[in-house]
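Biologist: I would like to learn how to read a model of this kind, feature by feature. Could we go through one together?

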Amino acid sequence: MGEDITMPEYREQLLELFNKREWHKKIGKTCPFNQTLLEHSLITYDVVERLLDLLRKKKVFSDEEEKILLISSIAHDVGKEKDEWQKAVKENQKPPKHIDEKWAQEIAKELADNFGIEDINTVVDAIKLHME
């Protein structure tokens with residue numbers, strides 16, 4: 001990552017942002033066990049962060065690319081925060097598709113603004129790629 005922010009500070013800022021969106025109160029996974037949306041997203045983020053630690057020695061990604069990977073990893077299930085998805089899961093119904101390009105654009109813009117990312121389209125593409 002860049003010189004201006006350390007990895008723990010970056011993670012803390014993301015945690016604060018998603019707590020404001022109340023991801024700690026929303027369902028993220030129900031099978032094989034329950035996880036909040038925040039827990040599930042942070043686990044995904046942590047896995048990507050550890051992989052980047054290994055790849056950093058090889059200089060595989062630029063600082064900007066690392067930010068994009070980290071942001072898209074934590075935001076990969078952003079559509080699950082929608083009321084329709086949450087309601088369906090709580091009622092044991094099949095939830096609607098949780099990849100919503102408009103919703104992904106909104107969260108990508110918010111994250112890009114907060115973390116100085118120029119290319120939000122790449123963040124959105126990475127979020128959508130998660131489901132493909």
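Modeller: What follows goes from the whole chain to single helices, the core and a few backbone details. Keep in mind throughout that this is a predicted model.

Biologist: Start with the inventory. How many helices and strands are there in the protein chain, and in what order do the elements run?

Modeller: The protein chain has 6 helices and 2 strands. Read from the N terminus, the order is α-β-β-α-α-α-α-α.

Biologist: What radius of gyration does the protein chain have, and what would a compact globule have?

Modeller: The idea is to set the value against a rule based on chain length. For 132 residues, a compact globule would come out near 14 Å, and the protein chain has 15 Å, which agrees. The C-alpha trace spans about 45 × 30 × 30 Å along its principal axes.

Biologist: Which other totals describe the protein chain as a whole?

Modeller: Of the 132 residues, 41% are buried, where buried means under 20% relative accessible area. The accessible surface comes to about 7900 Å², with 52% of it belonging to carbon and sulfur atoms. Among contacts with a separation of 6 or more, 61% are between residues 24 or more positions apart.

Biologist: Which residues of H5 are buried, and which are exposed on the face turned away?

Modeller: Ala104, Ile107, Ala108, Leu111, Ala112 and Phe115 are the buried ones. Down the axis of H5 they fall within an arc of 135°, so they line one face of the helix. The face turned away from that buried side carries Lys102 and Asp113, both exposed. Just after H5 comes Gly116, with a positive phi of about 65°.

Biologist: Next, the core. Which residues have the most contacts inside the largest nonpolar core?

Modeller: As a general matter, nonpolar side chains in soluble globular proteins tend to be buried together. Here the largest nonpolar core has 28 residues, and Leu14, Phe18 and Leu111 have the most contacts inside it. H1 (7–20), H2 (37–56), H3 (63–74), H5 and H6 (120–131) each supply at least two residues of this core. The largest share, 6 residues, comes from H5.

Biologist: What is Phe18 in contact with, beyond its neighbours within four places in sequence?

Modeller: Phe18 is in contact with Trp23, Leu38, Ile74, Ala75, Ile107 and Leu111. Compare Asn19, which is also in helix H1. With a relative accessible area of 30%, Asn19 is partly exposed. Under the exclusion of neighbours within four places in sequence, Asn19 is in contact with His24 and Leu38.

Biologist: Last, the backbone. Which residues have a positive phi although they are not glycines?

Modeller: Glu22 is one of them, with phi of about 65°. Glu22 lies in the loop between H1 and S1, and at 37% relative accessibility it counts as partly exposed. Lys59 is another, with phi of about 55°. Lys59 lies in the loop between H2 and H3 and counts as exposed, at 71% relative accessibility.

Biologist: Where is the cis peptide bond, and what is its omega?

Modeller: The peptide bond from Cys31 to Pro32 is cis, and its omega is near 5°. Pro32 is found in the loop between strand S1 (27–29) and strand S2 (35–36).

Notes
Residues numbered from 1 in each chain as written. Predicted model: local features only at pLDDT ≥ 70, side-chain atom pairs only at ≥ 80, totals over all residues. Heavy atoms only, no water. Buried < 20%, exposed > 50% of the residue type's maximum accessible area, 1.4 Å probe, protein only. Helix = DSSP H or I, 4+ residues; strand = E, 2+ residues; numbered from the N terminus. Arc of directions from axis to C-beta. Core = buried A, V, L, I, M, F, W, Y, C linked by side-chain atoms within 4.5 Å. Contact = heavy atoms within 4.5 Å. Rg over C-alpha atoms; globule rule 2.2 N^0.38 Å. Areas by Shrake-Rupley, 256 points an atom, 1.4 Å probe, with all protein chains shown as cover.
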